[in-house]
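Me: I have a model open and I'd like to learn how to read it. Could you walk me through it?

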Amino acid sequence: MKAAAPNSLTNLCRVASEEIVRVLIAEDEESFIDALVIGLERENFVVTIARDGSEALELFNELDFDLVLLDIMLPKISGLDVCRNIRSKSSVPIIMVTAKSTEIDTVVGLEIGADDYVAKPYRLRELVSRMRAVLRRTALNAEARQVAMETVEVSSTTGVATRNEHSLTVGEVRLDPDRHECTVRGTEVKLPLKEFELLQLLLANAGRVVTRETLIDRVWGYDYVGDTKTLDVHVKRLRSRIEVDPTRPELITTIRGLGYRFETPRNRDVTQT
């Protein structure tokens with residue numbers, strides 16, 4: 001069984017059906033480790049423990065996992081650095097676990113690619129619910145990417161939509177969902193999974209407002225129970241990668257009280273005149 005990848009649909013469908021799931025837990029507090037192992041094994045999770053960041057990376061590189069529970073405050077290598085390393089090569093779901101509940105810890109974790117977070121102390125039932133929700137969302141998103149055979153291409157000069165198989169292009173921004181590739185103004189831009197999915201949804205609806213509720217439901221899932229500021233964090237991060245001036249966004253605009261809109265070339269011309 002391979003770790004969840006953008007097009008690893010077989011594993012994810014198995015995961016979504018709540019069969020046995022392999023989980024890597026990076027945690028250095030023995031009291032939490034004992035409780036987690038007992039509780040998660042009762043829920044049919046196969047648990048592997050790493051007690052520091054270095055061991056977590058070694059285990060992840062050697063074995064296959066469906067989900068990672070990652071404490072921020074780890075010895076040797078911090079949980080944030082472990083998350084950053086894993087996300088650079090895998091889209092396996094990651095849930096950050098931390099004793100800190102400050103906004104900065106949450107924001108940093110989400111910005112570097114974590115899918116969700118829980119703050120200690122937490123209830124096992126809540127943790128399991130979040131784990132299964134993340135796994136279901138990952139499975140559904142992978143299936144959606146695989147079955148999508150056609151996407152909309154918008155001319156960079158006219159703003160008119162045309163059909164183009166396997167790619168999604170609006171102006172100078174182009175996505176290839178099958179290859180998980182993004183090109184902006186002719187330059188390849190690496191996007192974490194959630195940012196890629198956000199951009200894909202916005203491009204598919206270029207020129208139209210996509211509500212906050214729709215974005216959260218489609219990217220994080222209808223059963224998402226986390227903080228809605230997760231969306232704003234990811235949009236901010238996405239803007240930093242694709243906008244010429246992220247402080248004055250022209251591609252992804254905020255429609256106050258509603259959501260966000262990806263502007264077509266024609267819309268931008270109208271706005272600027």
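Reply: Let's start with contact, which means heavy atoms within 4.5 Å. Leaving aside neighbours within four places in sequence, lysine 120 is in contact with Glu27, Glu29, Phe32, Asp71, Val97, Thr98 and Ala99. Keep in mind that this is a predicted model, where local features need pLDDT of at least 70, side-chain atom pairs count only at pLDDT 80 or more, and totals for chains, interfaces and linings use all residues. Residues are numbered from 1 along each chain as its sequence is written, and side-chain values use heavy atoms, with hydrogens and water left out.

Me: Is lysine 120 buried or exposed?
Reply: Buried means under 20% relative accessible area, exposed means over 50%, and partly exposed is in between (1.4 Å probe, protein chains only). Lysine 120 has 11%, so it counts as buried.

Me: Which side chains make polar contacts with the side chain of lysine 120?
Reply: A polar contact is a pair of N or O atoms within 3.5 Å; within protein, one must be able to donate a hydrogen and the other to accept it, and residues adjacent in sequence count only if both atoms are side-chain atoms. Here the partners are glutamate 27, at 2.9 Å, and glutamate 29, at 3.3 Å.

Me: Over which ring does the charged end of lysine 120 sit?
Reply: The rule asks for NZ of Lys or CZ of Arg within 6 Å of the ring centre and within 35 degrees of the ring normal. For lysine 120 that ring belongs to phenylalanine 32, with the charged end 4.3 Å from the ring centre.

Me: How many aromatic pairs are there?
Reply: Rings of Phe, Tyr and Trp (its six-membered ring) pair if their centres lie within 6.5 Å; planes under 30 degrees apart are stacked, over 60 edge-to-face, and the rest tilted. That gives 1 aromatic pair. Phenylalanine 32 and tyrosine 122 form a tilted pair, 6.1 Å centre to centre with 40 degrees between the planes. Phenylalanine 32 is in helix H2 and tyrosine 122 in the loop between E5 and helix H6 (124-147), so the pair ties together parts 90 residues apart in sequence. Those labels are DSSP runs numbered from the N terminus: helices (H or I, at least four residues) and strands (E, at least two).

Me: In what order do the strands form the sheet?
Reply: Two strands pair if DSSP finds at least two bridges between them. In this model, 5 strands make an open sheet with parallel pairing, ordered E2-E1-E3-E4-E5. Its edge strands, E2 (45-50) and E5 (116-119), each pair on one side only.
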